[in-house]
Amino acid sequence: MRALLLLSLPGATGFYLPGVNPYSFTEGETVKLKVNKMTSQKTLLPVDYYRLPFCQPEGGPKMDHENLGEFLAGDRIESSPYRLNMKVDMFCEQLCITNLGRGEQKGVSPNKMVRAIRKNYHNNWIVDNIPAASKVEDDTTVTTRYWQGFPVGFIASDTKKAYVHNHVNIEIQYHSVETEPDKARVVRFTVEPFSIKHDFEASADDDDDSVPEGQPKQYKVADIQNPIESCNPKISRKDHTRYEMVYARGREPQPASGRVLFTYDVIWTENKELHWASRWDVYLSMDNAIPAKVHWLSIANSLVIVVVLSAMIAAILVRNLRRDFNRYNRLATDEEKAEDMEEFGWKLVHADVFRPPSFSPLLMSVCCGTGAQLLCMAVLTILFSAMGFLSPSNRGALIMAQLLLYVLLGSVAGYVTARLYKTFKGKSWQKATAAVAFGFPGITFGLFVIMNVVALSQGSSDAVPPLTMFVLLFLWFGISTPLVFFGAYFGYKQDAIEFPVNTSSIPRQIPDQPWFMGLPFTLAVGGILPFGACFVELYFILASVWMDQYYYVFAFLLLVFAILVITAAEITVLFNYFQLCGENYHWWWRSFSTGGSTGIYVFLYSFVYFKQLEANSFATYVLYFGYMGLASLGLFLMTGFVGLSTCLAFNKTIFGSIKID
C-alpha cells in the first residue's frame, strides 16, 4: 500500500518536528549503517536488499522493529556488515568476497545482479535515521542527489553490459555538541559509488596484530594484486578513493558477474554550520531541485481559476436569482391574473426538487457517507502534516495517520449515511449501514489482496506479512465497523432533513433537455476546472509516491486542497442552477457526479504520468493502475459529496426564499 500524500519550504519548516531525540556519539563509538528496500522506477516493485548476493553481517541480517506504516510502505530496514566508528576514517576497507553468478552471454539468462541493474534498482541506506544522498562524479562535474538512493550498478554505453558498484565512499558529516564537546551528532550522509575491478586472491588470514589499541580492526579478506592508491598497503600515507584513481589509465569497472571483492572508504568531516535540527531540510527540499516559485505559480494559477469561477457565479447566479426572487415573490396584478400568465423557471419544480433520487437512494447515501469520511480524513491528515506532526524522519507515520484517521472516522460515515437515508424515507437501514461499513473498505482490501499476490509473485518487499493482514482486518472489523454502526445509530435517531417545500405525490414530467445539459458535457466541464486548480501539486504528489521523491510542502497542499473543494462546489452549484432552470429536478446524482468528475480527470492524467516511469511489465501495470484507480475513486467520492452537500444547501436556500401558493 502506498501513501497518496508524501521538499521543504519556509512556510512548512517553521513547524518541523524531527520526531526523534538526537543521539550523540563519542569518538570511536560504533555508528550503525542500515539497509532498506531497493527501489526502481521501472518496476515500481521494491525488493529486499539481501535478495541480491550482497555481503551479509556476521550471524545474518537482523530486521529492525517496524511499525504498521513501514510494512505497508514496503520498508524493510535491516542491519549491514559495514563497520563505522565516529570520526574514524577508513581507507579501502575490505568487506567480503561474493559470487554474483554467471557472466552475461547471448541466449543465457542473466544473474540476479545483472537483472537488478538493468531494471535500474537503487540502494537505500540509512545512518542515524537519515537516508543516504547519492554523489555522482564525472570529468567535469560533481552532482549530489538527495532522493532515490544510489544505483546498484550501471550499463556501459559502449559494451551495453552491466557493471556493479562494488566500492563506496561513505561520507558522513558531523556537528559537535555545544554542551558536550567530546560528543558529536550525524548531520549528513552521502554515498559515492564506484565500480573497481579488483584482481585479488582470497586470504585465509584476516588477523592484523599491528593495529594500535583503541583503533578499529582492519578486516582483510583478500590480497589485491592491482590495488589503486587508496587500497595499496605499501603506501603509508593514503588518500581516500577519488574519481581520478578509479578511472586512471588501465583501470576497468567490475562486471556484475563472477567473484567480486566489495570495499569501502569512510570519510568523516565536521560541519559547523549545519545543526542536527536542520539536517532533514536538504532532503525535504531535495536540495531546492524544485523551487518554491513553482508552487507559488501553481497557487496563483488556482486562485485565478477560483476568482474567474466566482465572478461567473456572481454574475449569473446572484443577478438571476435576485430577478427570480423579485418575480416569484411580488403580488400579481389584476391584468396578470386575467391573462393567467404562466410561470417559468426553477420555481415550477418546487414540488419535485426534494424528491428522493430515482436511482438507488441507498447507494446515494452510502456514497455520501464514504465521501464524508474520506474528506474528513484528508483534511485532518493534511492539517497535521502542515503543522509538522507527520515528519518523514518518523517512517510510516503518514500512512499510519491516514489509516487510523480513516478507521476512527467511521462514525462520520455511519452518521451521514443514516441521516441521508432516513431523509430519503429508506426502510432497509441495516443494509445501508452494512453497505457503508463494508463497501469502500471491502473494495480497498480486495484490491490490496490482489496487489499483495502480485507483489508476492514478484518477490517484492511490498508484500505484506500475514500478521499485518490480521492487524488490518482487526482495524476494519474490530474498530471501524462498530464505529460505523455507532454513528448510524445516532444518525437514525435524528430527525430527517427538513425541506422548505412539500413534495407532491405525482412526479412532474421533465421536458427535453439541450445537449449541453447532458451527463457527458457536465462531467467534462465540471471536472476540468477543479483538476486545473490542483494538477501541478498532483504531479509532485505522484512523484513522491512513484518516484521516491520527498513531498513536504503541506502548507501549499492545504491551500490547494481548499481551492479544489471550493472550485468543485462552485462549478456544481452553477450546473445545478442551470439544470433546475431547465425544469429537471433529478439533481441528486447529477450534482454528485459533477462534483466527483475531478476523480475521472485524475485517473485519465495517471495514463499521461505513467509514460515517465519507463515501466513495461504486467505486474507494474496492475500495481500502478490498481492503486491510481483506487485513489481516483476515493477522490470521486470525496468531491462528489462536496458537490451534493453544496447543492443541497443551495436548493434549500433558494426554495426557502420564495412564496409557494
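This briefing covers the fold, the disulfides, the core, the sheets and the confidence of one predicted model.

The protein chain has 661 residues, and 53% of them count as buried. Buried means under 20% relative accessible area, exposed means over 50%, and partly exposed lies in between (1.4 Å probe, protein chains only). The structure holds two disulfides. A disulfide here is a pair of cysteine sulfur atoms within 2.5 Å. The chain averages a pLDDT of 84, where pLDDT is the predictor's confidence in each residue, from 0 to 100.

**Basis of the values**

- In this predicted model, local features need pLDDT of at least 70, side-chain atom pairs count only at pLDDT 80 or more, and totals for chains, interfaces and linings use all residues.
- Residues are numbered from 1 along each chain as its sequence is written, and side-chain values use heavy atoms, with hydrogens and water left out.

**Overall make-up**

- The protein chain contains 16 helices and 17 strands.
- Both kinds of element are DSSP runs numbered from the N terminus: helices are H or I with at least four residues, strands are E with at least two.
- The accessible surface of the chain is about 30,500 Å².
- Carbon and sulfur atoms account for 59% of that surface.
- These areas come from the Shrake-Rupley method with a 1.4 Å probe; for residues, only the protein chains shown count as cover.

**Disulfide Cys55–Cys96**

- The sulfur atoms of Cys55 and Cys96 are 1.8 Å apart.
- The torsion about their S-S bond is about -85 degrees, so this disulfide is left-handed.
- The pair links distant parts of the chain, 41 residues apart.
- Cys55 sits in the loop between β2 (30–35) and α2 (68–73), while Cys96 belongs to strand β4 (residues 90–99).
- Cys55 is buried, at 4% relative accessibility.
- Cys96 is also buried, with a relative accessible area of 17%.

**Disulfide Cys92–Cys231**

- Cys92 and Cys231 form a disulfide with their sulfur atoms 1.8 Å apart.
- This link is right-handed, with 80 degrees about the S-S bond.
- Cys92 lies in strand β4 and Cys231 in the loop between β16 (222–224) and α4 (243–246), so the pair ties together parts that are 139 residues apart in sequence.
- Cys92 is buried at 8% relative accessible area, and Cys231 is buried at 9%.
- With the bonded cysteines numbered in sequence order, the pairing is 1-3, 2-4.

**Two further cysteines**

- Cys376 counts as partly exposed, at 29% relative accessibility.
- Cys581 is partly exposed, with a relative accessible area of 29%.

**Strand β4 and its partner**

- Seven of the ten residues of β4 are buried, so this strand is largely enclosed by the rest of the structure.
- β4 pairs with strand β17 (residues 259–270) in the antiparallel sense, over seven bridges.
- Two strands pair if DSSP finds at least two bridges between them.
- Asn99 stands opposite Arg259 in β17.

**Four-stranded sheet**

- An open sheet has the strand order β3-β2-β6-β7, with antiparallel pairing.
- Its edge strands are β3 (78–85) and β7 (130–131), each of which pairs on one side only.
- Strand β6 (residues 125–127) and β7 pair over two bridges.
- Val127 stands opposite Ile130 in β7.

**Nonpolar core**

- The largest nonpolar core has 157 residues.
- Such a core is a set of buried Ala, Val, Leu, Ile, Met, Phe, Trp, Tyr and Cys residues joined through side-chain atoms within 4.5 Å.
- Tyr82, Trp125, Ile170, Phe189 and Trp546 have the most contacts inside this core.
- Helix α16 (residues 618–655) supplies its largest share, 18 residues.

**Ser460**

- Ser460 is placed in the loop between α11 (429–457) and α12 (466–493).
- Ser460 is buried, with a relative accessible area of 8%.
- Not counting residues up to four places away in sequence, Ser460 touches Leu45, Pro46, Val47 and Ala455.
- Contact means heavy atoms within 4.5 Å.

**Confidence**

- Of the residues, 89% score a pLDDT of at least 70.
- Over residues 206–216, pLDDT stays under 50, and the model has twelve contacts there beyond four places in sequence.
- Over residues 336–342, pLDDT stays under 50, with three such contacts beyond four places in sequence.
- Where pLDDT is low, the predicted coordinates should not be read in detail.
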